[in-house]
Amino acid sequence: MKGKIKKQKSHSPELISRPLVTTASQVNDAAKVQKIIEAIQKKLKIVAEKYKGINDPEGFVTNLKKALGMNINKSSNYRVFMLNKQKVSLRVSNHHANSEKYLEHLQNDFNLSIMISKRYKKNRFQSHPMVKLKEYVYMGHLLKSVDSPYSQITLSLIDFFVTGEYVDTTGIAKVNESP
């Protein structure tokens, strides 16, 4: 078929790519925000199940971004969530974070970055004294040394939405912090 773009098989069609609003417009919109978080958790469970037993990252970052309602056409994606009455920014990317970039946006109580790369990359993380950021870095051959690393990362994100704390269950993440 001429001019028709084929989707890669590894991308789950059941995951939506439209962004979801996660900040409440009024103080009493907590139930609405909770429903959005629950919808995201369901999509993340689909991704976790899809990558159970798989050590090949093909399509993982794209599927993760879709489940989180992020724009899949950018290499760095940010999304702000209200968790336990705190404004939390979540970033998913294939390269290290620059904390200073967070100053361009509204101030958040906490910023979490998940960096996933098939190949080893030199650590280019940049800290900033005014930005509270924690970056979990997963890369290279270490990903192949763990059972279902992508499923584990996704399950850790599901728990993050419940507890407000990200815990690396793979044991291979390098953690960068700012300040």
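A salt bridge here is a side-chain nitrogen of Lys or Arg within 4 Å of a carboxyl oxygen of Asp or Glu. The model is predicted, so local features need pLDDT of at least 70 and side-chain atom pairs count only at pLDDT 80 or more, while totals for chains, interfaces and linings use all residues. Residues are numbered from 1 along each chain as its sequence is written, and side-chain values use heavy atoms, leaving out hydrogens and water.

**Exercise 1.** Find out how many salt bridges the rule gives, and look at each pair.

*Solution.* Start with the count: it comes to two. Next, take Lys52 and Glu49, whose side chains meet at 3.3 Å, N to O. Lys52 is exposed, with a relative accessible area of 52% (exposed means over 50%, buried under 20% and partly exposed in between, with a 1.4 Å probe and protein chains only). Then turn to Glu135 and Arg91, which form a salt bridge at 3.4 Å, N to O. Glu135 lies in strand S4 (residues 133-139) and Arg91 in strand S2 (residues 86-93), so this pair ties together parts 44 residues apart in sequence. Strands are DSSP runs of E, at least two residues, and helices runs of H or I, at least four, numbered from the N terminus. Finally, check burial: Glu135 and Arg91 are both buried.

**Exercise 2.** Work out the order of helices and strands in the protein chain.

*Solution.* First, tally the elements: the protein chain has four helices and five strands. Now read from the N terminus, and the order is α-α-β-β-β-β-α-α-β. Lys121 is partly exposed, at 30% relative accessibility.
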